[in-house]
Amino acid sequence: RESDHRAWTPVSCTVTRQNATVQGLTEGKAYFFRIAAENIIGMGPFTETPKEIVIRDPITVPDRPEDLEVKAVTKNSVTLTWNPPKYNGGSDITMYVLESRLIGKEKFHRVTKEKMLDRKYTIEGLKEGDTYEYRVSACNIVGQGKPSFCTKPITCKDEIAPPSLDLDFRDKLIVRVGEAFSLTGRYGGKPAPKVTWVKDDIVLKEDDRTKIKTTPTTLCLGILKSVREDSGKYCVTVENSTGSRKGFCQVNVVDRPSPPVGPVIFDEVHKDHMVVSWKPPLDDGGSEITNYIIEKRDAHKDVWMPVTSATVKTTCKIPKLLEGREYQVRIYAENLYGISDPLISDEMKAKDRFRVPDAPEQPIIKDVTKDSAVVVWNKPYDGGKPITNYIVEKKETMATRWVRVTKDPIFPSTQFKVPDLLEGCQYEFRVSAENEIGVGDPSPPSKPIFARDPIAKPGPPVNPEAVDKTKNSVDLSWQPPRRDGNSKIIGYLVEYQKVGDEEWKKANLTADSCPETKYKVTGLTEGLTYKFRVRAVNAAGESEPAYVPDPVEVKDRLEPPELILDANMAREQHVKAGDTLRLSAVIKGVPFPKVSWKKEDREVSPKADIEVTGVGSKLEIRNTVHEDGGIYSLTVENPAGSKTVSVKVVVLDKPGPPRNLQISEVRSDSCYITWMEPEDDGGSVITNYVVERKDVASAQWLAISSTSKKRSHMAKYLIENTQYLFRVAAENQYGRGPYVETLKPIKAIDPLHPPGPPKNLHHVDVDKTEVSLAWNRPDRDGGAEITGYLVEYQEDGADDWTKFQTVPMLDCVVTGL
């Protein structure tokens, strides 16, 4: 029976074997079968198939899989895909078996052990440079079918393909404002390229209006609601490790223009017409302005009347005006995409308006000679009245006053030859125009010109020669050219060429860097041979070159140092303190020697300025002091030798203070002063000493000697008992040195001596333990008032005297006897 029916259908009832063939079944339908055995007694029970059986051809192994392809290859992996077999053998595919064989080997090896049903597989872990071939087999319930055809031998290496780019857009694209546009295309390459969009060298990023979409094979840039600022040069770059490709598109987003730029200028105003001008729009909308539309309106009416709608000039005549009425003008700009908003003028009354002519533009000067020049100018606006005369003026550049070049009228010609110029002077010129109203403003001054004949290029320099050389430089010298071309020689250009080369190199870039007829070419290579040439340059240009006759080999020329002493380097140099000491000498030698200055075999003072030039050296000390004196030596040295000269420098100054000032032999009216000469006589003989004294109660010093050459002096005429200070200074021809002063004052008194003995010592009374004594004053007091008397006593027969006491009076009572 069919699986979806309940009724059984008999097939045969006479089968005696244990099998039977059932005919007339429908392919694809499912059936149940049952069998019963029968004997002469009757038919036994049926046995039924446990599950339904679908009618189909007998099951075999699957056919071979188809279209085995290599999708990707790297240095260590291969990716393969394939399609199922055309016939699965009557049973579903249960898995695929992928096999590989290393070229050079015989056997195929299974790639994967797990059960695989996907028809794509990546084999990893391969060795770079190995070559394999692959095949795949399908399996069903019966078993494994035939393998597919093998792939071509595949070598493990990274696949590289330069980028490719196929664009859907052209070089130029025009878009209306507000519309969207997109730039699309396709690309490829291995490894997968990076896609970058750029507009006017700025990388684009997504925002509300900018959309960028990139798939593995397509690219797209979209701009929504475009604006004028979206105009520009768009560039897409497709780049990978092998290179890059670029595509360009110039996008122009167009719109109607912006309004013309005001204000509207009324260039001319007359009773029946006006001439107005304006400036073009700041933005032409991305399309050329095709014309301007001009309208006028009587200020007291609302109606605008057309003037013209077919002009591309930014000026227009407004005709058919009524005298005395006020008018307004409005102007539209138009391009291919529309008409701008209007520019509206101020009100202007229609009436004649005359004025003096405008100032001409800056005049041009031509045909200059040593005493004349031609001034050329353009006719200015005449102010409404015809120009009747031009006034040409000149002035020297450094002067302030302008002078008319002629009193004769100049008209209608717009050029004039100015005579009577002074050769070599620099002049400026200006022009004014005149009509019946008056003289207009002068033009801007012309560019300054020198009154001199036209100039030509100079002749070549004369007799260039190499006069000196070192291991990396050559000194050249020459004479000026015989012809200067009527122009001052600005300088010279020096060139050199290595022998064997074709190229000449410049030693100096500009002529003014070599104004003299000599030049040191530096930066040369020792041992090589060079050629040299020189050109003269004036305002007209460069002369023909003059060549140094013979090539020059660059190497040091050794000359031992030589010193040519100046007058200030004599054996002894005297300089006054406070003046400037200058020592200098001319130095020669090749190469130029190393220069060193020493004082007493030590470095010179930091206050000394030492200058070394290419021809000599100078040492300078300003505001000299006595300590700057000494032996100065100048040493010059180069590889060929050395030379040293010395000079004794004496700094002449006032002497120092005298030493060891002493006061002795003090009397009531005099004292004796002695001293020693100063340690430093200032470099000159001491001519005299100045001795001064001062009463300690006085503020003023009094000179008591100023001409003595001795180192002592008797100070007389002192006042007894007065205290005095003394000071001494030395003088030489350069002035008076500092004073040395006594440390303590001295008192004018005679020297003191012990007084004489008291006279007439006698007793006046005696007691058992005391004696009363009396005596008279001594004859001499020793130069000072007697302050007391010392009383002593001695036992009779004893050796020593015993002091009793000192008393002030001429009597005493000795007690304790």
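In which strand is glutamate 99 found? Glutamate 99 belongs to strand E7, residues 95-102; helices (H or I, at least four residues) and strands (E, at least two) are DSSP runs, numbered from the N terminus. Please keep in mind that this is a predicted model, in which local features need pLDDT of at least 70, side-chain atom pairs count only at pLDDT 80 or more, and totals for chains, interfaces and linings use all residues. Residues are numbered from 1 along each chain as its sequence is written, and side-chain values use heavy atoms, with hydrogens and water left out.

**Glutamate 99**
- Glutamate 99 is buried, with a relative accessible area of 13% (buried means under 20% relative accessible area, exposed over 50%, partly exposed in between, with a 1.4 Å probe and protein chains only).
- Leaving aside neighbours within four places in sequence, the contacts of glutamate 99 include Phe108, Arg110, Glu133 and Tyr134 (contact means heavy atoms within 4.5 Å).

**Domains from the record**
- An unreviewed UniProt entry lists "domain: Ig-like" for residues 163-252 and 561-646; positions are in the numbering used here, feature names are shortened, and annotations may be inferred rather than shown by experiment.
- Residues 163-252 are 0% helix and 64% strand, with end C-alpha atoms 28 Å apart.
- Residues 561-646 are 0% helix and 62% strand, and here the end C-alpha atoms are 16 Å apart.
- For "domain: Fibronectin type-III", the unreviewed UniProt entry lists several spans, among them 64-159 and 657-751.
- The span 64-159 is 0% helix and 47% strand, its end C-alpha atoms lying 29 Å apart.
- The span 657-751 is 0% helix and 46% strand, with 30 Å between its end C-alpha atoms.

**A three-stranded sheet**
- Three strands form an open sheet in the order E39-E40-E43, with antiparallel pairing (two strands pair if DSSP finds at least two bridges between them).
- Strands E39 (462-469) and E43 (518-521) are at the edges with a single partner strand each, so one side of each has no neighbour in the sheet.
- E39 and E40 (residues 474-479) run antiparallel and are joined by five bridges.
- Aspartate 468 stands opposite aspartate 475 in E40.
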